[in-house]
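Here are my notes on this structure, as numbered points. Please read them with the model open.

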Amino acid sequence: MSEQSFVLERELGWLSALIETSLKLYFNRECQYRDVRDLLPPDLPHSGSAYAQTVRDHVLSFEERAVLALALAPHLRPQALDPFLIRNSALDRVFTEFGGAITGPMQCFWPTLETAAFVLAGTDLERRLELQGLFTPGNFFREQKVLSLEEAQPGQSIFSMTLCLKPEYLARLTTGERYRPNFSDAFPAHRITTQLDWSDLVLPGHVMEEVEEIKAWIEHRHTLLHEWGLGRQIKPGFRSLFYGPPGTGKTLTASLLGKSTGLDVYRVDLSLVVSKYIGETEKNLGKVFDQAERNDWILFFDEADALFGKRTQTSSAHDRYANQEVAYLLQRIEDFPGVVILASNLKGNLDEAFARRFQSMIYFPMPGSDERAQLWNVVFSRQAQLEPTVDLARLSEEFEISGGGIVNVLRSSSLATLRGGRTLIQMEDIRHGIRREFRKDGKTI
Ligand SMILES: Nc1ncnc2c1ncn2[C@@H]1O[C@H](COP(=O)(O)OP(=O)(O)OP(=O)(O)O)[C@@H](O)[C@H]1O
Ligand SMILES: [Mg+2]
């Protein structure tokens, strides 16, 4: 058994004992304890187990630990909560005292704050009210965004709200891994990664400098905002617009910023979101923003043109929706405390109000001949086998082509070589690949 499961096993055992004791005390059955608080929580090993570490790092109180175990139970051991499903024979219904919601295909018991109050406070009104304090601002559950109280219907009392563990905490506490949701209609974002390294990135010096500024911000933001106290004067996030022709390294740069600073990068395709999720954008993107904030992700909005120039006079209901959603998005982007990168091919008709929201606007130009020489070398040195007659320097002088274009040429010329039953790429394979690239853009050479 792994240490993590060992710790969770004992914690859930403790929870079961708490539940059993609270029921015995409530129904005046024979019991060796006079108060649930006499049941001390299990000792935690000095280990790397994420659960043990969380309890230790945040010095969780008896009550906090019990509430956390209670919120974990439906995920790890739903049967631990079965004792709450007994019926009150006098009324022929479940016990109001236990709180909880009975949901799902298995009709499982989901604890509410009432359930926690029953276990930890019994009929003691003062202790019951104290429990509310666990969910006030400044407290562990709220501050660390571990648990939320979710209401099934608006206007319910706080005690009838369900204890909901945030999915990232559930992942961290159970498997010890980072939470990485998959793309779905309800979560319109993909994590992007790259096999390349910072040293593969070829950009003109002044562009590189602007990119390095974002990296520096990620690395020093805590010092800047907290130690230097700039947090009172400046908004916490960093917003940057990457614009320029296709294949010039915008997506690559965003991925590398994440890779080199250890942050996950999530890409949202805005053209898709704005057209497909009409009316649903706020709900779906809201989730992406919330999770990005909790997990310190870099958010990368591709095809950001969908955000520009939409705010015109509108006629149709569809347009009005789109405008409303754009306004929502801009607000969330502006309030986001982490790094947001927007990418677009056009500078378009970016208005001033829009531009003011960015800390930087970086133009990714088509590479000049120096950069092209580096790109040809970087791209073709990776795995390609070249005939000695291949002159990459000459190609870089001759053709104005982007990094993305060169990667496509690598793909097509390698394939042509293999199809020809050869092992070395010839100049003609490359030239042929370049012609095809240019034809795609409607250019001839
Ligand atoms: N400046 C660059 N330095 C190194 N490699 C590059 C550069 N630009 C492009 N590449 C190569 O081309 C590939 C495609 O580039 P990328 O997807 O970053 O372009 P983009 O600017 O996002 O294009 P688009 O506007 O079409 O989305 C990269 O994965 C990389 O291999
Ligand atoms: Mg891109």
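1. Surface. The protein exposes about 22900 Å², and carbon and sulfur atoms supply 49% of that area. Accessible areas come from the Shrake-Rupley method with a 1.4 Å probe; for residues, only the protein chains shown count as cover.

2. Basis. This is a predicted model: local features need pLDDT of at least 70, and side-chain atom pairs count only at pLDDT 80 or more, while totals for chains, interfaces and linings use all residues. Residues are numbered from 1 along each chain as its sequence is written, and side-chain values use heavy atoms, leaving out hydrogens and water.

3. Overall dimensions. The C-alpha trace spans about 90 × 55 × 50 Å along its principal axes. The radius of gyration is 29 Å, whereas a compact globule of 445 residues would have one near 22 Å. That radius is taken over C-alpha atoms, and the globule rule is 2.2 Å times the number of residues to the power 0.38.

4. Of the 445 residues, 45% are buried (under 20% relative accessible area, 1.4 Å probe, protein chains only). Among contacts with a separation of 6 or more, 71% join residues 24 or more positions apart. Contact means heavy atoms within 4.5 Å.

5. Secondary structure. There are 17 helices and 12 strands. Both are DSSP runs numbered from the N terminus: helices are H or I with at least four residues, strands E with at least two.

6. The sheet. An open, mixed sheet has 6 strands in the order β7-β9-β10-β11-β8-β12. Neighbouring strands are turned by 25° against each other on average, direction ignored. Two strands pair if DSSP finds at least two bridges between them.

7. β7 runs antiparallel to β9 (residues 265-269), and 3 bridges join the two. Which residue of β9 is the bridge partner of Arg-191? The partner is Tyr-266.

8. Helices on the sheet. Helix α9 (residues 250-261) touches β7, β8 (238-243), β9, β10 (298-302) and β11 (339-344), and its direction makes about 170° with that of β10. Helix α11 (residues 281-295) touches β9 and β10, at about 150° to β10. Axes are lines fitted to C-alpha atoms, for helices over the stretch in contact; angles run from 0 to 180 degrees between N-to-C directions.

9. A helix pair. α3 (residues 62-76) packs against α7 (residues 167-174) at about 85°, with the axes 11 Å apart. So α3 is roughly perpendicular to α7 (65 to 115 degrees). Leu-68, Leu-72, His-75 and Leu-76 of α3 meet Leu-170, Leu-173 and Thr-174 of α7.

Terms used
Chains lettered and ligands numbered in written order. Buried < 20%, exposed > 50% of the residue type's maximum accessible area, 1.4 Å probe, protein only. Parallel < 35°, antiparallel > 145°, perpendicular 65-115°, else oblique.
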